[in-house]
Amino acid sequence: MSNKRTSKDEQLDQFRVDDSGKHLTTNHGVKVSEDEFSLKAGERGPTLLEDFHFREKMTHFDHERIPERIVHARGFSAHGEFQLYESLEKYTKADFLNDTSKTTPTFVRFSTVAGSKGSGETVRDVRGFSTKFYTEEGNYDLVGNNIPVFFIQDAIKFPDLVHALKPEPHNGMPQAASAHDTFWDFIAQNQESAHMAMWAMSDRAIPRSFRMMEGFGVHTFRLVNKEGKAHFVKFHWKPVLGTHSLVWDEAQKINGKDTDFHRGDLFSSIEDGDYPEYELGIQVIPEEDEFNFDFDVLDPTKVWPEEDVPVQIVGKMTLNRNVDNVFAENEQVAFHPGNVVPGIDFTNDPLLQGRLFSYTDTQLIRLGGPNFHELPINRPVCPFFNNQRDGYGRQTINRGQVSYHKNSLAKNTPTPASEEEGGYSHYQEKVEGHKVRARSESFKDHFSQATLFWNSMSDHEKEHIIQAFSFELGKVESESVREDIVEMFSNVSLELVQGFAPNIGVTPPQSGGSDVTKASPALSQANTVHKPDTRKVGVILANGFNDKDVKKTLEKLSDEGIVTEIISEKQGTIKGESGTELKVDHTFLTIDSVLYDALYAVGGKEEGEAFKKHASHFLNEAFSHYKPLGATHNGIEWLSLNKLDGYNGVVTGDDPSGFAKEFTQAVAAHRYWDRQMV
Ligand code: HDE
């Protein structure tokens, strides 16, 4: 990974300001002599209107907020770079997908969908995964999600979906949750959502980290090469660390213990140099094969099973710099699936078509006018010239007399570019038809792929889906909505509805179900990559710990890429039996087992009863979330006291090297789902 500065970095430098060590001034540059007392008529008198410093400071403060995004309000961003592995010339003429010698600066924003800007981050929800590629031919935005399908097939239904999902209007509840009547009423009344609802009830909706989730462009796009030949394409991001999830009980607790869990994880990984990496994959279908599948390639509620249409890995994105200012970058960034470059084009997916309208429209209200493309984070790295002028907040000073086309006074410039000169030309798809408000028959199979998803899950993933339906529908008050959902999902799988219906007081059907038997192993997270790298382990130590062994173990774990933090009773340092001092990162009060991937329990000679109680609570909770546990020295005793020994993923040992090796393997495994049955 190169640390060279990208063209976007250099551009942003012009806007970066460091105030430290400077005199305080007004926005007009006048030095301010006093910033604590407003100008008054007498020490105990009224404030004077002429106090320009007070007026400016207060007015600016009063106007500091902009509307939050109607969806995806809660998000966090980072800068990165994209490196192409091999030229995609045969599919597309997009320069950044042709030239492997180029590094393209990127900016990524991850988000939840339903919650407000300050809501918890580990809620059950879809995650947004938006990438802006600052290419030399203009900005290309891949505005995707971590789930490859969507709830609806036509954009006109989006306001209805979001109204049903958001807090109910009569009481403003619940925040950032789909577990309520209106959402499930919408699902039951809009059966095209069956497939996506399965994903939303699966572990995909509670990712462990933004660094450990996939990204999908969802829609079918087109790649167009120099010869004008087009291929249908779906875009994928594959996290190098694998795709991993939390468990539901843990996710809910994290929301209370650390509302910023996901952004904190992303931020500190980048600060620590553990740069998140995602490989870009494409699935390609030649235009002539458009009708050779048992689904419509334009239907956004369908995946292209990876076993049928393999994902070709074509490049890698590395996120290597945190934002300098969350408002200026994360809040002001404006994504738009319509931001494409020559060689990438749209299809007639009716969901995509509607998005092409919505994103500019929403920025106009959110960012206050048509000049949001001039905000530093949104500017392309290539120059831009046209006859658009004026509007709120205009920054460009366009010189000259002429701002219209065609003209003779400026020799008809700026001039449209021909295709050879890099001008964008739309793919000349032949289209004909009657003007109708209708949906194609080929979009009407709503259940086969929902069943495909169910069939592809491992046993523990199926159990999680049953529990998720039980939880969500358990929060639904309307009996008829619960019954409708059971009826709807009996089209997906009898095993599924028979699993959750009794938990929500509905009698499940005994017959019916689906006859789809196909599975797609790529859909199961059981088949993902497992690595110890960047996993966070809490190390429970007390004064008088065996420092020789612990030091060796911690070194070995660090060599494997594991991040350790010391947990004890009090802040400050703790001393080992041979005098080594270690800094305490957290106390039992300031941290919680749910914030770690695994725990390593050691203890020490000076541990008291309270210490043992806290340590036991941590271990029991981590165990109940199926996490790996390691124990040496006194820690071994705590395991047996709590009857936690002897299970898979519970590692003990006397020899630091042997223990570290075995514990690393356990940490890499992520969770021990066989405990689910205990
Ligand atoms: Fe969005 N979506 N969306 N969406 N979407 C927005 O644009 C919309 C859809 C996605 O981090 C909004 O700037 C419509 C699918 C992400 O800033 C808005 C429809 C996918 C983000 C909007 C969809 C997405 C948004 C709100 C149905 C996955 C966050 C704020 C046709 C492929 C971008 C904004 C960021 C944001 C409209 C469906 C992804 C209102 C009308 C499908 C990741 O314009």
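## Ground rules

What you have here is a predicted model, where local features need pLDDT of at least 70 and side-chain atom pairs count only at pLDDT 80 or more, while totals for chains, interfaces and linings use all residues. Residues are numbered from 1 along each chain as its sequence is written.

## The whole chain

The chain has 17 helices and 18 strands (DSSP runs numbered from the N terminus: H or I of at least four residues for helices, E of at least two for strands). With 678 residues, a compact globule would come out near 26 Å in radius of gyration, and the chain's 28 Å agrees with that (taken over C-alpha atoms; the rule is 2.2 Å times the number of residues to the power 0.38).

Some 42% of the 678 residues are buried (20 or more other C-beta atoms within 10 Å of the residue's own, with C-beta atoms placed from the backbone).

## The annotated region

UniProt, in an unreviewed entry, lists residues 25-413 as "domain: Catalase core"; such annotations may be inferred rather than shown by experiment. That span is 20% helix and 20% strand, and its end C-alpha atoms sit 42 Å apart.

## A look at helix 16

Helix 16 covers residues 634-641, and Asn634, Gly635, Trp638 and Leu639 are its buried residues. They span an arc of only 150° around the axis, so they lie on the same side of helix 16 (the arc is that of directions from the helix axis to the C-beta atoms).

Those buried residues pack against strand 11 (536-541), strand 16 (598-603), helix 15 (609-624), strand 17 (629-631) and strand 18 (650-652) (contact here means C-beta atoms, placed from the backbone, within 7 Å). Just after helix 16, Lys643 has a positive phi of about 55°.

Terms used: A residue is buried if 20 or more other C-beta atoms lie within 10 Å of its own, exposed if 12 or fewer, and partly exposed in between; C-beta atoms are placed from the backbone. Two residues are in contact if their C-beta atoms, placed from the backbone, lie within 7 Å.
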